[in-house]
Amino acid sequence: HCKMIIKYGIGVNNIDSEAATGKGIYVCNVPDYGVDEVSNHAIAMLMALAKKLPVVTKALKDGRWGYTPTVPLFRLDGSTLGLVGIGRIPSLVAHKMSNFGMMILAFDPYVSAEEAKKRGAELVDFKTLCQESDFISIHCPLTPSTTHLFNREAFKMMKKTAFLINTARGPVIEEDALVEALETGEIAGAGLDVFESEPVAKTNRLLQMNQVIATPHCAWYSEEAITTLQRKVAEEVVNVLSGNRPFHCTNKPIIR
């Protein structure tokens, strides 16, 4: 008798959508409750990495005075930000960061070049994004095609001075490959709010690196976001059980 399954959040990768579709069950989510929060979290990580704040803070606490631990460091104006996905959150990131004089690129196979331009980004292929970006911020869902999208091959295409930020889903990055890329200087650093396995283990090598900013899958959080999420989940349930089509359906079931 199940009519719908609703995710208390955005990602539906932990729901068997194929089985639900076969049984005529809607799979729904709430894609717009923490857009501002996640975009700001990604930007906060970008800013901190750009100024190498974790590195210089550690150096100062160890008794080293001066700017030399941050060398080389480059200004944001004139640098390039690559966005993986150009939906709600990355569109907001693009809007906010354009005011810092950054060139904004986006890789999204489901969006046209014209639509990407309207959202503030130049649409490019994945290889171009990796090769030209000084910062890459991941905002795509976890699917078979995006799992381990950032692997050893991708890191080899990136600049040695580039930073990778992920506030989407952990398995988009192959963590062993990321650790290797950071240890060998293949890329300069990373900002991670999500991990392949969560909760992340204290022994994870990424947590021991000064060039990595790590947070516990909390980019979405604010008191306002929680209130909005609770309200929108309830509104969607009432909407569907009243006989209406969902506001946000992630599958296309054949409703009997």
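Pro199 sits in the loop between β8 (189-192) and β9 (212-214). Helices here are DSSP runs of H or I with at least four residues, strands are runs of E with at least two, and both are numbered from the N terminus. The peptide bond from Glu198 to Pro199 is cis, with omega near -5 degrees.

Before I go on, some ground rules. This is a predicted model, where local features need pLDDT of at least 70 and side-chain atom pairs count only at pLDDT 80 or more, while totals for chains, interfaces and linings use all residues. Residues are numbered from 1 along each chain as its sequence is written, and side-chain values use heavy atoms, with hydrogens and water left out.

Back to the backbone. The bond from Val71 to Pro72 is also a cis peptide bond, with omega near 0 degrees. Pro72 is in the loop between α3 (53-61) and β3 (80-84).

Thr70 is in the loop between α3 and β3 too. Is Thr70 buried or exposed? Thr70 has a relative accessible area of 9%, so it is buried; the cut-offs are under 20% for buried, over 50% for exposed and partly exposed in between, using a 1.4 Å probe and protein chains only. Leaving aside residues up to four places away in sequence, Thr70 touches Lys51, Lys52 and Val56, where contact means heavy atoms within 4.5 Å.

Lys52 has a backbone feature of its own. Its phi is positive, about 50 degrees, although Lys52 is not a glycine. Lys52 belongs to the loop between α2 (35-50) and α3, and it is buried at a relative accessible area of 14%.

His148 is another non-glycine residue with a positive phi, in this case about 55 degrees. The loop that holds His148 runs between β6 (135-138) and α7 (152-157). At 29% relative accessibility, His148 counts as partly exposed.

Next, Asn166, which lies in strand β7, residues 163-166. Its relative accessibility is 0%, so Asn166 counts as buried. What lies 2.9 Å from a polar atom of the Asn166 side chain? That is the backbone nitrogen of Ala168. For reference, a polar contact is a pair of N or O atoms within 3.5 Å; within protein, one must be able to donate a hydrogen and the other to accept it, and residues adjacent in sequence count only if both atoms are side-chain atoms. Not counting residues up to four places away in sequence, Asn166 touches Ile138, Ile173, Gly191, Leu192, Asp193 and Val194.

Asn166 also brings us to the cavity. The structure holds 1 cavity of 30 Å³ or more, and the largest cavity has about 30 Å³ of space. Residues lining the largest cavity include Asn166, Ile173, Leu192 and Val194. By class, that lining has 6 nonpolar, 2 polar and 1 charged residues. Nonpolar here means Ala, Val, Leu, Ile, Met, Phe, Trp, Tyr, Cys and Pro; charged means Asp, Glu, Lys and Arg; the others, Gly among them, are polar.

On method: on a 1 Å grid over the protein atoms alone, a cavity is a set of points where a 1.4 Å probe fits but cannot get out, a pocket is an open set with protein on both sides within 12 Å along at least five of seven lines, and lining residues have an atom within 4 Å of a point. Grid points are joined across faces, edges and corners, and a volume is the space filled by probe spheres set on the points.

Now the largest pocket, with about 1,300 Å³ of space. Of the 43 residues lining it, the closest to its centre are Ile10, Gly11, His139, Cys140 and Pro141. Which element gives the most to this lining? Helix α4 does, with 3 residues. The pocket lining has 22 nonpolar, 16 polar and 5 charged residues.

Ile89 is in helix α4, residues 88-97, and counts as buried at 14% relative accessibility. Apart from residues up to four places away in sequence, Ile89 touches Ile10, Val35, Val38, Ser39 and His139.

Last, the aromatics. A search of the whole structure finds 6 aromatic pairs. Rings of Phe, Tyr and Trp (its six-membered ring) pair if their centres lie within 6.5 Å, with planes under 30 degrees apart called stacked, over 60 edge-to-face and the rest tilted. Trp220 is partly exposed at 28%, and Tyr221 is partly exposed at 42%. Phe107, Phe126, Phe150 and Phe155 form one aromatic cluster.
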